[in-house]
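This report is meant for someone meeting the structure for the first time. Please keep the sequence and the 3D view at hand while reading.

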Amino acid sequence: MLLRRVYKQHRWLASHVKFLSTQKSSIDIKVDNDGIAILNLQRPPVNSFSMDFLKELSKSLDFVENNKITAMILTSAFPRVFSAGLDINEVYKPDAVRFKEFWTTLQEVWMKLFGARFITAAAINGQSPAGGCLMAMSCEYRVMIKGTFTIGMNETSLGLIAPTWFMELVKNTINVRDAEYAFTTSRMFTPEEALKVRLIDEIAADKDDAIAKCKRFIKKFDEITPSARINTKMKLRGPAIKKLQNTRQEDTEEIYQLVIHPDTQKVAIFQLYSSPVSANPAIITGYDPMEVCIENCAQCKKMLGAWFEGQLCAESCIKYRGKMIPDCENYASISPFLNKL
Ligand SMILES: CCCCCCCCCCCC/C=C/CC(=O)SCCNC(=O)CCNC(=O)[C@H](O)C(C)(C)COP(=O)(O)OP(=O)(O)OC[C@H]1O[C@@H](n2cnc3c(N)ncnc32)[C@H](O)[C@@H]1OP(=O)(O)O
(Lines give C-alpha, C1' and ligand atoms only; values in the text may rest on other atoms or scores of the structure.)
Protein backbone atom coordinates (compact mmCIF):
# COMPACT_ATOMS: atom_id res chain seq x y z
CA MET A 1 0.00 0.00 0.00
CA LEU A 2 1.05 3.56 -0.71
CA LEU A 3 1.11 4.70 2.92
CA ARG A 4 3.13 1.63 3.94
CA ARG A 5 5.76 2.59 1.36
CA VAL A 6 5.79 6.12 2.73
CA TYR A 7 6.29 4.76 6.24
CA LYS A 8 9.27 2.70 5.12
CA GLN A 9 10.75 5.78 3.49
CA HIS A 10 10.32 7.75 6.68
CA ARG A 11 11.17 5.33 9.45
CA TRP A 12 14.28 7.38 10.07
CA LEU A 13 12.03 10.25 11.10
CA ALA A 14 11.34 8.60 14.44
CA SER A 15 14.70 9.67 15.88
CA HIS A 16 14.36 13.16 14.43
CA VAL A 17 10.86 13.52 15.85
CA LYS A 18 12.08 12.35 19.25
CA PHE A 19 14.68 15.08 19.07
CA LEU A 20 12.00 17.69 18.32
CA SER A 21 9.86 16.44 21.21
CA THR A 22 12.64 16.77 23.75
CA GLN A 23 12.80 20.50 23.14
CA LYS A 24 10.37 22.46 25.31
CA SER A 25 7.87 22.50 22.52
CA SER A 26 4.24 23.53 22.26
CA ILE A 27 3.66 20.90 19.62
CA ASP A 28 4.47 17.23 19.95
CA ILE A 29 4.94 15.54 16.57
CA LYS A 30 4.81 11.79 16.22
CA VAL A 31 4.94 9.93 12.94
CA ASP A 32 2.99 6.69 13.34
CA ASN A 33 3.52 3.29 11.74
CA ASP A 34 1.45 4.32 8.73
CA GLY A 35 3.63 7.38 8.13
CA ILE A 36 0.94 9.77 9.37
CA ALA A 37 2.14 12.74 11.44
CA ILE A 38 0.07 13.38 14.56
CA LEU A 39 0.50 16.94 15.79
CA ASN A 40 -0.54 17.19 19.43
CA LEU A 41 -0.96 20.85 20.31
CA GLN A 42 0.17 21.40 23.89
CA ARG A 43 0.46 25.10 24.58
CA PRO A 44 -1.04 25.60 28.06
CA PRO A 45 -3.65 26.30 29.06
CA VAL A 46 -5.84 26.28 25.94
CA ASN A 47 -3.67 26.21 22.78
CA SER A 48 -4.39 29.85 22.06
CA PHE A 49 -2.51 31.36 19.12
CA SER A 50 0.29 33.63 20.28
CA MET A 51 2.96 34.82 17.87
CA ASP A 52 5.43 32.18 19.11
CA PHE A 53 2.87 29.40 18.88
CA LEU A 54 2.00 30.39 15.31
CA LYS A 55 5.68 30.33 14.39
CA GLU A 56 5.98 26.86 15.87
CA LEU A 57 2.92 25.71 13.95
CA SER A 58 4.51 27.07 10.83
CA LYS A 59 7.73 25.12 11.47
CA SER A 60 5.75 21.95 12.18
CA LEU A 61 3.90 22.27 8.90
CA ASP A 62 7.25 22.74 7.14
CA PHE A 63 8.55 19.63 8.87
CA VAL A 64 5.64 17.56 7.54
CA GLU A 65 5.96 19.05 4.06
CA ASN A 66 9.75 18.84 3.81
CA ASN A 67 9.84 15.22 4.92
CA LYS A 68 7.24 14.31 2.34
CA ILE A 69 4.91 12.86 4.95
CA THR A 70 1.61 11.99 3.26
CA ALA A 71 -0.85 13.04 5.95
CA MET A 72 -1.20 14.99 9.16
CA ILE A 73 -3.75 14.90 11.98
CA LEU A 74 -4.10 17.95 14.21
CA THR A 75 -5.32 17.34 17.75
CA SER A 76 -4.91 18.68 21.27
CA ALA A 77 -2.98 17.27 24.19
CA PHE A 78 -5.54 18.80 26.56
CA PRO A 79 -8.67 16.89 27.54
CA ARG A 80 -11.19 19.73 27.22
CA VAL A 81 -9.92 22.26 24.68
CA PHE A 82 -8.86 21.82 21.06
CA SER A 83 -7.92 25.49 20.70
CA ALA A 84 -9.31 28.73 22.15
CA GLY A 85 -8.36 30.70 19.03
CA LEU A 86 -6.36 33.92 19.13
CA ASP A 87 -4.45 34.56 22.31
CA ILE A 88 -6.29 37.42 23.96
CA ASN A 89 -2.93 38.80 25.14
CA GLU A 90 -2.08 39.50 21.48
CA VAL A 91 -5.32 41.40 21.08
CA TYR A 92 -5.40 43.51 24.24
CA LYS A 93 -3.80 46.97 23.84
CA PRO A 94 -1.69 45.76 20.93
CA ASP A 95 1.44 47.48 19.73
CA ALA A 96 0.73 48.33 16.07
CA VAL A 97 3.96 46.90 14.65
CA ARG A 98 3.79 43.69 16.67
CA PHE A 99 0.10 43.14 15.97
CA LYS A 100 0.64 43.54 12.24
CA GLU A 101 3.52 41.06 12.36
CA PHE A 102 1.30 38.72 14.39
CA TRP A 103 -1.49 38.91 11.84
CA THR A 104 0.90 38.48 8.91
CA THR A 105 2.27 35.35 10.60
CA LEU A 106 -1.27 34.09 11.09
CA GLN A 107 -2.08 34.64 7.40
CA GLU A 108 1.08 32.72 6.45
CA VAL A 109 0.28 29.78 8.71
CA TRP A 110 -3.27 29.66 7.43
CA MET A 111 -2.14 29.63 3.80
CA LYS A 112 0.35 26.88 4.63
CA LEU A 113 -2.27 24.74 6.36
CA PHE A 114 -5.08 25.38 3.88
CA GLY A 115 -2.80 24.89 0.90
CA ALA A 116 -0.83 21.93 2.29
CA ARG A 117 0.05 19.32 -0.32
CA PHE A 118 -0.26 16.58 2.30
CA ILE A 119 -3.64 15.31 3.53
CA THR A 120 -4.95 17.18 6.57
CA ALA A 121 -7.48 16.13 9.21
CA ALA A 122 -8.51 17.46 12.62
CA ALA A 123 -9.41 15.32 15.62
CA ILE A 124 -11.29 17.97 17.58
CA ASN A 125 -11.16 16.75 21.17
CA GLY A 126 -12.60 19.73 23.00
CA GLN A 127 -13.80 23.32 22.79
CA SER A 128 -13.10 24.95 19.47
CA PRO A 129 -14.18 28.59 19.27
CA ALA A 130 -13.18 31.20 16.65
CA GLY A 131 -9.58 30.60 15.51
CA GLY A 132 -9.79 27.03 16.85
CA CYS A 133 -12.74 26.47 14.54
CA LEU A 134 -10.85 28.04 11.64
CA MET A 135 -7.86 25.78 12.19
CA ALA A 136 -10.12 22.72 12.05
CA MET A 137 -12.05 24.04 9.05
CA SER A 138 -8.83 24.54 7.12
CA CYS A 139 -8.22 20.79 7.24
CA GLU A 140 -9.81 18.44 4.73
CA TYR A 141 -11.67 16.35 7.31
CA ARG A 142 -12.98 16.98 10.80
CA VAL A 143 -13.94 14.52 13.50
CA MET A 144 -15.21 15.93 16.80
CA ILE A 145 -15.62 13.98 20.01
CA LYS A 146 -19.04 13.91 21.61
CA GLY A 147 -19.61 15.68 24.90
CA THR A 148 -20.43 19.13 26.15
CA PHE A 149 -17.93 20.77 23.78
CA THR A 150 -18.85 23.31 21.15
CA ILE A 151 -17.37 24.62 17.92
CA GLY A 152 -18.18 27.80 16.08
CA MET A 153 -17.47 31.33 15.09
CA ASN A 154 -17.98 33.59 18.12
CA GLU A 155 -16.11 36.62 16.74
CA THR A 156 -19.07 39.04 16.80
CA SER A 157 -19.55 38.41 20.52
CA LEU A 158 -16.01 39.74 20.96
CA GLY A 159 -16.70 42.79 18.81
CA LEU A 160 -14.63 41.27 16.01
CA ILE A 161 -15.50 40.57 12.41
CA ALA A 162 -13.97 37.37 11.11
CA PRO A 163 -11.60 37.87 8.18
CA THR A 164 -13.17 37.57 4.73
CA TRP A 165 -11.10 34.47 3.91
CA PHE A 166 -12.47 32.71 6.99
CA MET A 167 -16.05 33.66 6.01
CA GLU A 168 -15.48 32.36 2.47
CA LEU A 169 -14.16 29.09 3.87
CA VAL A 170 -17.22 28.61 6.09
CA LYS A 171 -19.60 29.62 3.26
CA ASN A 172 -17.96 27.00 1.06
CA THR A 173 -18.24 24.34 3.75
CA ILE A 174 -21.72 24.81 5.19
CA ASN A 175 -24.54 26.55 3.35
CA VAL A 176 -24.62 30.34 3.04
CA ARG A 177 -27.73 30.72 5.25
CA ASP A 178 -26.25 28.67 8.10
CA ALA A 179 -22.96 30.53 7.73
CA GLU A 180 -24.62 33.94 7.91
CA TYR A 181 -26.71 32.95 10.93
CA ALA A 182 -23.73 31.40 12.71
CA PHE A 183 -21.35 34.29 12.08
CA THR A 184 -23.75 37.11 12.90
CA THR A 185 -25.17 35.51 16.06
CA SER A 186 -21.86 33.99 17.25
CA ARG A 187 -23.62 30.64 17.34
CA MET A 188 -21.68 27.80 18.89
CA PHE A 189 -22.58 24.28 17.71
CA THR A 190 -22.68 21.06 19.70
CA PRO A 191 -21.05 18.14 17.86
CA GLU A 192 -24.48 16.91 16.77
CA GLU A 193 -25.49 20.35 15.46
CA ALA A 194 -22.12 20.80 13.76
CA LEU A 195 -22.54 17.46 12.00
CA LYS A 196 -26.02 18.40 10.83
CA VAL A 197 -24.76 21.52 9.01
CA ARG A 198 -21.57 19.68 7.86
CA LEU A 199 -19.24 21.91 9.88
CA ILE A 200 -17.72 18.60 10.92
CA ASP A 201 -17.70 15.25 9.11
CA GLU A 202 -18.03 12.73 11.93
CA ILE A 203 -18.55 12.38 15.67
CA ALA A 204 -16.27 10.14 17.73
CA ALA A 205 -16.54 8.55 21.17
CA ASP A 206 -13.16 9.83 22.38
CA LYS A 207 -9.81 11.11 21.17
CA ASP A 208 -8.49 7.69 20.09
CA ASP A 209 -11.66 7.06 18.14
CA ALA A 210 -11.40 10.52 16.54
CA ILE A 211 -7.85 9.81 15.42
CA ALA A 212 -8.88 6.36 14.14
CA LYS A 213 -11.70 7.97 12.12
CA CYS A 214 -9.31 10.58 10.69
CA LYS A 215 -6.99 7.74 9.69
CA ARG A 216 -9.86 5.93 7.99
CA PHE A 217 -10.42 9.08 5.91
CA ILE A 218 -6.72 9.27 5.08
CA LYS A 219 -6.71 5.59 4.05
CA LYS A 220 -9.22 6.37 1.30
CA PHE A 221 -6.36 7.96 -0.61
CA ASP A 222 -4.48 4.66 -0.84
CA GLU A 223 -6.56 4.04 -3.93
CA ILE A 224 -6.16 7.51 -5.44
CA THR A 225 -3.26 8.64 -7.62
CA PRO A 226 -1.31 11.11 -5.43
CA SER A 227 -0.74 13.70 -8.18
CA ALA A 228 -4.45 13.63 -9.07
CA ARG A 229 -5.36 14.22 -5.42
CA ILE A 230 -2.89 17.03 -4.92
CA ASN A 231 -3.68 18.85 -8.14
CA THR A 232 -7.41 18.59 -7.51
CA LYS A 233 -6.99 19.98 -4.00
CA MET A 234 -4.84 22.83 -5.31
CA LYS A 235 -7.36 23.68 -8.02
CA LEU A 236 -10.12 23.82 -5.41
CA ARG A 237 -8.15 25.74 -2.77
CA GLY A 238 -5.72 27.79 -4.88
CA PRO A 239 -8.07 30.69 -5.72
CA ALA A 240 -8.80 31.44 -2.02
CA ILE A 241 -5.08 31.50 -1.25
CA LYS A 242 -4.36 33.74 -4.23
CA LYS A 243 -7.13 36.09 -3.13
CA LEU A 244 -5.59 36.49 0.32
CA GLN A 245 -2.09 36.85 -1.14
CA ASN A 246 -3.36 39.82 -3.16
CA THR A 247 -5.09 41.49 -0.21
CA ARG A 248 -2.85 40.73 2.74
CA GLN A 249 -2.11 44.32 3.66
CA GLU A 250 -5.73 45.45 3.55
CA ASP A 251 -6.74 42.38 5.56
CA THR A 252 -4.13 43.20 8.23
CA GLU A 253 -5.09 46.88 8.41
CA GLU A 254 -8.80 46.04 8.62
CA ILE A 255 -8.27 43.60 11.52
CA TYR A 256 -5.95 46.01 13.32
CA GLN A 257 -8.54 48.81 13.16
CA LEU A 258 -11.17 46.41 14.51
CA VAL A 259 -8.96 45.16 17.30
CA ILE A 260 -8.08 48.63 18.59
CA HIS A 261 -11.72 49.74 18.55
CA PRO A 262 -12.74 50.60 22.14
CA ASP A 263 -15.63 48.09 22.11
CA THR A 264 -13.27 45.23 21.16
CA GLN A 265 -10.80 46.32 23.82
CA LYS A 266 -13.53 46.25 26.48
CA VAL A 267 -14.36 42.65 25.62
CA ALA A 268 -10.66 41.74 25.55
CA ILE A 269 -10.04 43.18 28.99
CA PHE A 270 -13.05 41.28 30.34
CA GLN A 271 -11.68 38.04 28.94
CA LEU A 272 -8.26 38.75 30.39
CA TYR A 273 -9.52 39.56 33.85
CA SER A 274 -11.71 36.48 33.88
CA SER A 275 -8.47 34.56 34.31
CA PRO A 276 -5.76 35.12 36.89
CA VAL A 277 -2.97 33.68 34.71
CA SER A 278 -3.53 35.96 31.81
CA ALA A 279 -4.17 38.90 34.11
CA ASN A 280 -0.93 40.61 33.33
CA PRO A 281 -0.10 43.11 36.09
CA ALA A 282 1.33 45.42 33.45
CA ILE A 283 -2.12 45.80 31.98
CA ILE A 284 -3.44 48.30 34.46
CA THR A 285 -1.61 51.44 33.59
CA GLY A 286 -2.93 54.04 35.99
CA TYR A 287 -6.41 54.20 37.44
CA ASP A 288 -9.08 53.75 34.82
CA PRO A 289 -12.46 53.30 36.58
CA MET A 290 -13.85 51.41 33.61
CA GLU A 291 -10.99 48.88 33.72
CA VAL A 292 -11.35 48.46 37.48
CA CYS A 293 -15.10 48.03 37.05
CA ILE A 294 -14.68 45.32 34.41
CA GLU A 295 -11.96 43.64 36.45
CA ASN A 296 -14.35 43.49 39.43
CA CYS A 297 -17.08 42.04 37.22
CA ALA A 298 -14.67 39.31 36.15
CA GLN A 299 -13.69 38.62 39.75
CA CYS A 300 -17.36 38.36 40.81
CA LYS A 301 -17.97 36.00 37.89
CA LYS A 302 -15.10 33.81 39.11
CA MET A 303 -16.51 33.80 42.64
CA LEU A 304 -20.19 33.39 41.87
CA GLY A 305 -20.12 31.45 38.60
CA ALA A 306 -23.50 30.81 36.99
CA TRP A 307 -25.22 33.02 39.58
CA PHE A 308 -23.54 36.11 38.23
CA GLU A 309 -24.21 37.77 34.84
CA GLY A 310 -20.64 38.82 34.05
CA GLN A 311 -21.33 40.13 30.57
CA LEU A 312 -24.23 42.27 31.81
CA CYS A 313 -21.98 43.65 34.54
CA ALA A 314 -19.23 44.51 32.01
CA GLU A 315 -21.77 46.15 29.71
CA SER A 316 -22.99 48.26 32.59
CA CYS A 317 -19.37 49.36 33.30
CA ILE A 318 -19.16 50.54 29.71
CA LYS A 319 -22.58 52.18 29.76
CA TYR A 320 -21.94 54.12 32.98
CA ARG A 321 -18.23 54.60 32.23
CA GLY A 322 -17.14 52.89 35.44
CA LYS A 323 -19.16 55.15 37.73
CA MET A 324 -20.74 52.22 39.63
CA ILE A 325 -17.99 49.78 40.48
CA PRO A 326 -19.30 46.41 41.75
CA ASP A 327 -17.89 44.93 44.92
CA CYS A 328 -18.44 41.15 45.11
CA GLU A 329 -18.93 41.32 48.87
CA ASN A 330 -21.41 44.16 48.76
CA TYR A 331 -24.81 42.69 47.91
CA ALA A 332 -26.36 46.02 46.86
CA SER A 333 -23.67 46.71 44.30
CA ILE A 334 -24.01 43.33 42.58
CA SER A 335 -27.73 42.58 42.96
CA PRO A 336 -28.59 43.78 39.41
CA PHE A 337 -26.31 41.06 38.06
CA LEU A 338 -27.45 38.15 40.23
CA ASN A 339 -29.79 35.88 38.36
CA LYS A 340 -30.82 33.18 40.85
CA LEU A 341 -32.23 35.05 43.80
C1 LIG B 1 -1.80 24.62 11.86
C2 LIG B 1 -2.18 25.93 12.39
C3 LIG B 1 -3.15 26.72 11.62
C4 LIG B 1 -3.42 27.93 12.33
C5 LIG B 1 -4.43 28.69 11.72
C6 LIG B 1 -4.81 29.65 12.74
C7 LIG B 1 -5.80 30.51 12.25
C8 LIG B 1 -6.36 31.37 13.32
C9 LIG B 1 -7.12 32.39 12.65
C10 LIG B 1 -8.00 33.17 13.51
C11 LIG B 1 -8.72 34.13 12.67
C12 LIG B 1 -10.09 34.27 13.06
C13 LIG B 1 -10.29 35.17 14.20
C14 LIG B 1 -10.55 34.68 15.35
C15 LIG B 1 -10.76 35.53 16.56
C16 LIG B 1 -10.39 34.79 17.79
O17 LIG B 1 -9.95 33.69 17.78
S18 LIG B 1 -10.59 35.67 19.22
C19 LIG B 1 -10.39 34.50 20.51
C20 LIG B 1 -11.67 33.83 20.69
N21 LIG B 1 -11.59 32.88 21.71
C22 LIG B 1 -12.47 32.83 22.67
O23 LIG B 1 -13.39 33.60 22.77
C24 LIG B 1 -12.26 31.73 23.66
C25 LIG B 1 -12.32 32.23 25.04
N26 LIG B 1 -12.15 31.11 25.92
C27 LIG B 1 -13.16 30.29 26.24
O28 LIG B 1 -14.27 30.38 25.80
C29 LIG B 1 -12.82 29.20 27.21
O30 LIG B 1 -11.63 29.52 27.87
C31 LIG B 1 -12.67 27.81 26.58
C32 LIG B 1 -14.05 27.34 26.08
C33 LIG B 1 -11.67 27.79 25.43
C34 LIG B 1 -12.18 26.81 27.65
O35 LIG B 1 -13.06 26.84 28.74
P36 LIG B 1 -12.64 26.17 30.12
O37 LIG B 1 -12.18 24.79 29.87
O38 LIG B 1 -13.78 26.36 31.06
O39 LIG B 1 -11.36 26.98 30.60
P40 LIG B 1 -11.26 28.48 31.14
O41 LIG B 1 -11.21 28.41 32.62
O42 LIG B 1 -12.26 29.37 30.52
O43 LIG B 1 -9.85 28.88 30.54
C44 LIG B 1 -8.69 28.23 30.98
C45 LIG B 1 -7.56 29.22 30.96
O46 LIG B 1 -7.27 29.60 29.58
C47 LIG B 1 -7.28 31.01 29.44
N48 LIG B 1 -7.79 31.36 28.10
C49 LIG B 1 -8.94 30.97 27.57
N50 LIG B 1 -9.07 31.46 26.30
C51 LIG B 1 -7.96 32.18 26.05
C52 LIG B 1 -7.51 32.92 24.90
N53 LIG B 1 -8.22 33.00 23.76
N54 LIG B 1 -6.33 33.56 25.01
C55 LIG B 1 -5.57 33.45 26.14
N56 LIG B 1 -5.95 32.75 27.27
C57 LIG B 1 -7.13 32.12 27.21
C58 LIG B 1 -8.26 31.45 30.53
O59 LIG B 1 -8.05 32.78 30.81
C60 LIG B 1 -7.94 30.49 31.65
O61 LIG B 1 -6.82 30.92 32.35
P62 LIG B 1 -6.71 30.57 33.91
O63 LIG B 1 -6.61 29.10 34.01
O64 LIG B 1 -7.95 31.10 34.56
O65 LIG B 1 -5.51 31.27 34.30
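## Helices H5 and H12

Helix H5 (residues 96–114) and helix H12 (residues 248–259) have axes that come within 10 Å and cross at roughly 125°, where axes are lines fitted to C-alpha atoms, for helices over the stretch in contact, and angles run from 0 to 180 degrees between N-to-C directions. H5 and H12 are therefore oblique to each other, given that angles under 35 degrees count as roughly parallel, over 145 as roughly antiparallel, 65 to 115 as roughly perpendicular and the rest as oblique. On the side of H5, the contact is made by Ala96, Phe99, Lys100, Trp103, Thr104, Gln107, Glu108 and Met111, and on the side of H12 by Arg248, Asp251, Thr252, Glu253, Ile255, Tyr256 and Val259; contact means heavy atoms within 4.5 Å. Sorted by class, this contact of H5 with H12 has seven nonpolar, three polar and five charged residues, with Ala, Val, Leu, Ile, Met, Phe, Trp, Tyr, Cys and Pro counted as nonpolar, Asp, Glu, Lys and Arg as charged, and the others, Gly among them, as polar.

## The model and the chain

This is a predicted model, in which local features need pLDDT of at least 70 and side-chain atom pairs count only at pLDDT 80 or more, while totals for chains, interfaces and linings use all residues. Residues are numbered from 1 along each chain as its sequence is written, and side-chain values use heavy atoms, with hydrogens and water left out.

The secondary structure of the chain comes to 16 helices and nine strands; helices (H or I, at least four residues) and strands (E, at least two) are DSSP runs, numbered from the N terminus. Of the 341 residues in the chain, 51% are buried, where buried means under 20% relative accessible area, exposed over 50%, and partly exposed in between (1.4 Å probe, protein chains only). Among contacts between residues at least 6 apart in sequence, 74% join residues at least 24 apart.

## Helices H7 and H8

Helix H7 (residues 164–171) packs against helix H8 (residues 176–185) at an angle of about 135°, with the two axes 8 Å apart. That makes H7 oblique to H8. Phe166, Met167, Val170 and Lys171 of H7 meet Val176, Ala179 and Phe183 of H8, and the residues of this contact divide into six nonpolar, no polar and one charged.

## Strands

Strands S5, S7 and S8 form an open sheet in the order S5-S7-S8, with mixed pairing. S5 (128–129) and S8 (188–189) stand at the edges with a single partner strand each, so one side of each is left without a neighbour in the sheet. Two strands pair if DSSP finds at least two bridges between them, and two bridges join S7 (residues 151–152) to S8 in an antiparallel arrangement, with Gly152 opposite Met188 in S8.

Elsewhere, six bridges join strand S2 (residues 36–41) to strand S3, and these two run parallel; Ala37 stands opposite Met72 in S3. Strand S3 (residues 71–76) is mostly covered, as six of its six residues are buried. In a regular strand the side chains alternate between the two faces of the sheet. In S3, Ala71, Ile73 and Thr75 point one way and Met72, Leu74 and Ser76 the other way, and all are buried.

## Backbone details in the loops

Most residues other than glycine have a negative phi, and most peptide bonds are trans. The peptide bond from Pro44 to Pro45 is cis, with omega near -5°, and Pro45 has its place in the loop between S2 and helix H3 (51–66).

Lys68, in the loop between H3 and S3, has a positive phi of about 50° although it is not a glycine, and Lys68 is exposed with a relative accessible area of 62%.

Lys266 lies in helix H13 (residues 262–273) and counts as buried at 19% relative accessibility. Leaving aside residues up to four places away in sequence, Lys266 touches Met290, Ile294 and Ile318.

Gly159 lies in the loop between S7 and H7 and, at 31% relative accessibility, counts as partly exposed. Not counting residues up to four places away in sequence, Gly159 touches Leu258 and Thr264.
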